[in-house]
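Have a look at the model first, then read on.

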Amino acid sequence: AVIVISDTTEFIENWVGSSAEAELIVPNVTQFVFGERIYVAFIVTGYGLNKNSEADLKVGFRVLDPEGSVVDGEPEYSAAKWKVGAESSAVLTIPTLDLELGDDRTPGKYVIEANVHDRISGRSAQNATEFFLKVWDR
């Protein structure tokens with residue numbers, strides 16, 4: 001799974017409203033300040049299909065603070081089963097994740113970990129990405 005972090009939902013709206021042939025630009029913002037809301041998407045490729053051309057995925061996530069402590073997460077955040085068209089090669093799992101970066105957070109490097117389980121093939125994949133929370137420089 002590719003983990004995308006942004007400060008806007010625009011890329012999500014563009015992905016959902018586009019055709020398979022459309023060229024999409026997916027931003028990946030890595031620095032945020034206190035009080036911002038971030039939007040996280042999990043993009044999955046290489047999933048298996050059953051005899052009815054259906055995919056069946058489960059996505060879990062964890063957010064680790066600068067000390068490595070888990071500050072957010074759900075082992076089964078998103079689960080989806082859908083009929084795959086011939087043109088599909090990647091899927092943006094729904095719902096995407098919204099996180100509020102409140103004043104109670106510690107500045108520094110945060111890590112978002114994703115675990116995707118393909119319930120058709122039985123395979124799982126993990127990935128992680130980081131972002132930085134900093135005090136606003138005026």
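Two strands count as a pair if DSSP finds at least two bridges between them. Keep in mind that what you're looking at is a predicted model.

With that rule in hand, which order do the strands of the open sheet take? Five strands make up this sheet, the order is 2-9-8-4-5, and the pairing is mixed. Strand 2 and strand 5 sit at the edges with a single partner strand each, so one side of each has no neighbour in the sheet. Going from one strand to the next, the twist averages 25 degrees.

Val-33 is found opposite Lys-134 of strand 9.

Now for the rings. Aromatic rings are paired up here if their centres lie within 6.5 Å, and planes over 60 degrees apart make a pair edge-to-face. By this rule there are four aromatic pairs. Two of them look like this:

| Pair | Centre to centre | Angle between planes | Type |
|---|---|---|---|
| Phe-32 and Phe-131 | 5.8 Å | 85 degrees | edge-to-face |
| Phe-61 and Tyr-77 | 5.2 Å | 90 degrees | edge-to-face |

Take Phe-32 and Phe-131. Phe-32 belongs to strand 2 (residues 31-33) and Phe-131 to strand 9 (residues 124-134), so their pairing ties together parts 99 residues apart in sequence. Both Phe-32 and Phe-131 are buried. Together with Tyr-110, Phe-32 and Phe-131 form one aromatic cluster.

Where is Arg-105? You'll find Arg-105 in the loop between strand 7 (97-100) and strand 8 (108-118). Arg-105 is buried but has no salt bridge. Its nearest side chain of opposite charge is Asp-104, 4.6 Å away, whereas a salt bridge calls for a nitrogen and a carboxyl oxygen within 4 Å. Setting aside neighbours within four places in sequence, Arg-105 is in contact with Phe-34, Val-71, Glu-100, Tyr-110 and Leu-133. One of these, Tyr-110, is also part of the aromatic cluster with Phe-32 and Phe-131.

Notes: Residues numbered from 1 in each chain as written. Predicted model: local features only at pLDDT ≥ 70, side-chain atom pairs only at ≥ 80, totals over all residues. Heavy atoms only, no water. Phe/Tyr/Trp six-rings, centres within 6.5 Å; stacked < 30°, edge-to-face > 60°. Helix = DSSP H or I, 4+ residues; strand = E, 2+ residues; numbered from the N terminus. Buried < 20%, exposed > 50% of the residue type's maximum accessible area, 1.4 Å probe, protein only. Axes fitted to C-alpha atoms, helices over the stretch in contact; angles between N-to-C directions. Lys, Arg positive; Asp, Glu negative; His and termini not counted. Contact = heavy atoms within 4.5 Å.
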